Amino acid sequence: MEVTLIAQLPGIGTRNRIYLPGCKLQNNLQSIRLFNQIPIDLHLPKFPTKQLSPSPMELRRPPPVHLSIALACLLFVSCSADPQPPDDVIELIPTPATRLHGGSVLRMRRGAPFKIAIFADLHFGEDAWTDWGPAQDANSARVMSDILDAEKPDFVVYLGDLVTANNVPIANASSYWGQATSPARERGVPWASVFGNHDDASFEWPIEWFSGPGIPEVRCPDETNSSCSGEVRYSCSFKGTQRLVLMKNEVEQNAPLSRSKFGPKELWPSVSNYVLQLSSPDDPKSPVLFMYFLDSGGGSYPEVISSAQAKWFERKSREINPESKVPEIIFWHIPSKAYKKVAPWFGVRKPCVGSINKEGVAAQEAEFGIMDMLAKRPSVKAIFVGHNHGLDWCCPYEKLWLCYARHTGYGGYGNWARGARMVEVTGEQDFSLKSWIRMEDGKVHSEVVLSS
């Protein structure tokens, strides 16, 4: 017996297909175009053999199925058994394995590498009361879109400072956070994020507001804006948006694409401490790589990775990778003091690899054990940070690599050309980890092998 389903599909699309295991479309329909005119190939799920009765605003479904409801775009589809996914499709919808791990499992594509794009220091929301600010945000979105279209990554890491909260006078900066993640969302590319020092900072009043012309009329779009009704509300606040609120809105509004997590409560005020597993295409229980995400502080509390975070990493890594057989990479925003030890003096020379070295390392305020722990762990291959817009090098440190991303956003300081660091994971038996930088003009440089 077939099941007819009326579903509201999320506004996502790309070369990657939305894959929900086990179903086909009715009437041989292969793809649709949403209002953004991006074609989406569809593979829809097998549901229990009973009639579903969704309301116009809700998809009624058995508990194991998770769909994001983002567009008022309705499709009638028919499901039949076809349980094998295409080889080139990344599984975006939680499987039993991903539910078991809280949505923390990603799968490699069979016979293909797994590619990650790192977007750092976007700084959305600056000077929204001027023409310059929104233009900068549009430029940042263009850079990300061009890189996503050129590289076609399987995953995106937002490496902190998505917004400049100290320049955002609205009650909830999630509206700008959503703009920052929109290029990945529109293309159906899953992502994870960590916090930077600007993401939850309190508003800093510009001194020029108190000059002769006076404080400008500030229009602050409220997070409850409705794209359906066209109704716009305004709500200004100068207190900043807490990390917990930003993360809550990202996770709730972007499932299943957002793989970000709050992290353990005992680590708060530090948020975004979690690990994601990249698994074999044939077995979700067979890890190929572990990706750790840590909150390096700043904004509402000191710029530091705490002793509690270091101990959490030690416990978690021993639990899931006790013999250090599976490679691990680490993401956080503010560099550790170890970056100062390896930083090139002039230019970027071997053994370091990169193209710009235009400022000194702005490191965390203090360290409480995390670097000693990582340096002694043979499975840790590389650490990736942002924060310094004028640095994009990778340098060896002990038995691992310390890497900067590339300043991606047009917000924030500096006029260096924008780009993104790419990371590519290859092979289950012969593991390889390499990286390069893709620039906004399409050029590629600074390729380095991080697994040697």
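Let's start with an open sheet of 6 strands, which come in the order β10-β9-β8-β19-β20-β21 with mixed pairing. Please keep in mind that you are looking at a predicted model. At the edges of the sheet sit β10 (191–194) and β21 (444–449), each of which pairs on one side only. If you step from strand to strand, neighbours in this sheet are turned by 20° against each other on average, direction ignored.

What holds such strands side by side? Strands of a sheet pair through backbone hydrogen bonds, and they do so either parallel or antiparallel. For a worked example, look at strand β20 (residues 432–439) and its partner β21: the two run antiparallel and are joined by 4 bridges. To find your place on screen, pick S435, whose bridge partner in β21 is V448.

Now move over to helix α3 (residues 174–186), where you will find S174. Is S174 buried or exposed? Its relative accessibility is 10%, and because buried means under 20%, S174 counts as buried. Setting aside residues up to four places away in sequence, S174 touches V245, L246 and N249.

Next come the aromatic rings, with a count of 13 aromatic pairs in this model. One of them is formed by Y292 and W312: the ring centres are 6.4 Å apart and the planes stand at 80°, so this pair is edge-to-face. Y292 belongs to strand β12 (residues 287–293) and W312 to helix α5 (residues 307–320), so the pair links distant parts of the chain, 20 residues apart. Both partners are tucked away from the surface by the accessibility rule: Y292 is buried with a relative accessible area of 0%, and W312 counts as buried at 8% relative accessibility.

A second pair to look at is Y339 with Y404. Here the ring centres lie 5.3 Å apart with the planes at 75°, so this pair is edge-to-face too. Y339 is in helix α6 (residues 338–342) and Y404 is in strand β18 (residues 400–404), so the pair ties together parts that are 65 residues apart in sequence. Y339 and Y404 are both buried.

Ring pairs can also join into a group, and here they link Y274, F293, F331 and F384 into a cluster.

Our last stop brings a charged side chain and a ring together. Which ring does R418 lie over? R418 lies over the face of Y410, at 4.2 Å from the ring centre.

How values were computed. Residues numbered from 1 in each chain as written. Predicted model: local features only at pLDDT ≥ 70, side-chain atom pairs only at ≥ 80, totals over all residues. Heavy atoms only, no water. Pairing = 2+ DSSP bridges. Axes fitted to C-alpha atoms, helices over the stretch in contact; angles between N-to-C directions. Buried < 20%, exposed > 50% of the residue type's maximum accessible area, 1.4 Å probe, protein only. Contact = heavy atoms within 4.5 Å. Phe/Tyr/Trp six-rings, centres within 6.5 Å; stacked < 30°, edge-to-face > 60°. Lys NZ or Arg CZ within 6 Å of the ring centre and 35° of its normal.
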